[in-house]
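Me: Hey, I have a protein model open and I'd like to walk through it with you. Can we take it one topic at a time?

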Amino acid sequence: MSRRFRPFITWSLVAVFSLSAGCIAADEEPSAVGNVSIDGEANAASGAAEVIDRTALVPGTYLPGPTTTGPIWTGAFEQMEANSGTTIRLTTPNITYKRVEFWGTVVPKARGIKFDECIFRGPDPSKLPEPRALLTNYGDNPPHIVIENSLFDPEAWITKRGRSAPAHNGNPAGQLLQSQPALHGGNFTLRWSEIRNVEDGVNYVGRTADWTNQQTTVEMNWIHAGEYKNGTDTPSDGRTHNDAFQFNAGRNVVLRGNLLGGPRDMVGYRTWPNGYNSGDDYSNASIMLKQEVDDSDMRKLANILIEDNFFWGAVAGLNHHYVASRKNDFATTTIRDNFFVERQMGWGNPLTASEDDHKVGVEAQARPSADWYIVRSPEIKSTYQNNRIITVNEDGSFVVRGEVPISRGSSS
């Protein structure tokens, strides 16, 4: 069975809203450095051309990509940068930020905030003692925010400091971007947006016992080109463990109709040291799902729906780990109707060298296997329904090949 991208109603924008002065509050007053172009980003459609009405897109019927995610129009963006280069706190309630490029970690601190066609660059990596997300919505009862038609990409910091931007993330200058997630926290709605050049696309974590009014929805986004490095001192095996979506703690989450990853190329992953992502996926898993920390109610993952997503590349499309001692049987989790691009030989674990090999910089060997579409323990079998393998055609259509095989994961 083949599915093709269907035609949608088109529309045009008659005016571009410019953010007025005084709409943003920060830890230090942000500096507005003028209106500049989108740096030639290829994901934005021409302002003179008709574009797809994204509200008419149906999750699971198409692979999100350059024309269906990110800012819709090229042209000027209002520039907002904290003088510290690190944090921009937004304290004005009920405001929409339209076509703003943020240079600093954005921290919403008021209700009713919406971002439309914005660009998130994150903090200046040279000014941080440790990594920080491009946008953080974390803490006790954070406000619900909405992000649509936006781009998360920190790579432009390299160019901003007068250096050459890496062609992907293999250039040594790109080491400054290592270990940054795009979004950290939860209680947000993210639609029609592109995330690239970060270690984790979404690092979902909550910190509250009151989940009554919290809902996180991530749908119809393109999360790809995960930042990867090896030969580092941390973590213990010397390489970044990047995932498109990393669960930690929390509940009420919907992941629907996203493209997670892209074509996988092992050349950069197999390079030791100074490895890099020479493909378009994530080196570890598209989704890492595990009950972390402990079995307390505040930490428990619950009410999770993962459906109509496209998984491409990674060592494991979906790595679902069951920990009996943490007393979560995932009875309120449903993983159904997802599509996994057919895996190729050589897509296995990127590094299998010993710790001693890592220390002396010996080039690691890679297994020839394709590794896993889904790896999960038999205790949570009932969570999964109707997940299928596909092949993707050059025109963006895809053909369903059959049911996804499940690899048995270990329990702990």
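**Chatting through the model**

Reply: Happy to! Keep in mind that this is a predicted model. One place to begin is the pairing of E8 with strand E11 (residues 119-122), which is parallel and runs over 3 bridges.

Me: Which residue stands opposite Gly 122 in E11?

Reply: That's Trp 103.

Me: And how does strand E5 pair with E8?

Reply: Strand E5 (residues 78-82) also pairs with E8 in the parallel sense, over 4 bridges. Within that pairing, Gln 79 has Glu 101 of E8 as its bridge partner.

Me: Are the residues on the two faces of strand E8 buried or exposed?

Reply: Buried, on both sides. Val 100 and Phe 102 sit on one face of E8 (residues 100-103), with Glu 101 and Trp 103 on the other. In a regular strand, side chains alternate between the two faces of the sheet.

Me: New topic: the nonpolar core. How many residues does the largest one have?

Reply: The largest nonpolar core has 53 residues, and Phe 115 and Phe 247 have the most contacts inside it. Strand E21 (residues 243-249) gives the most to this core, with 3 residues. Apart from it lies another core of 11 residues, including Leu 63, Phe 339, Ile 390 and Phe 398.

Me: What is Phe 115 in contact with, beyond its neighbours within four places in sequence?

Reply: Among its contacts are Leu 90, Tyr 97, Phe 102, Leu 135 and Ile 147. Glu 148 and Ser 150 are on the list too. As a general point, nonpolar side chains in soluble globular proteins tend to be buried together.

Me: Last one, backbone angles. What is phi for Asn 187?

Reply: Phi of Asn 187 is near 60 degrees, a positive value in a residue other than glycine. Asn 187 lies in the loop between strand E15 (183-185) and strand E16 (188-191).

Me: Why does Asn 187 count as buried?

Reply: Because its relative accessibility is 4%, and buried means under 20%.

Me: And where is Phe 330?

Reply: Phe 330 is in the loop between strand E27 (316-321) and strand E28 (333-336). Its phi is positive as well, about 55 degrees. At 2% relative accessibility, Phe 330 counts as buried.

Key. Residues numbered from 1 in each chain as written. Predicted model: local features only at pLDDT ≥ 70, side-chain atom pairs only at ≥ 80, totals over all residues. Heavy atoms only, no water. Core = buried A, V, L, I, M, F, W, Y, C linked by side-chain atoms within 4.5 Å. Buried < 20%, exposed > 50% of the residue type's maximum accessible area, 1.4 Å probe, protein only. Contact = heavy atoms within 4.5 Å. Pairing = 2+ DSSP bridges.
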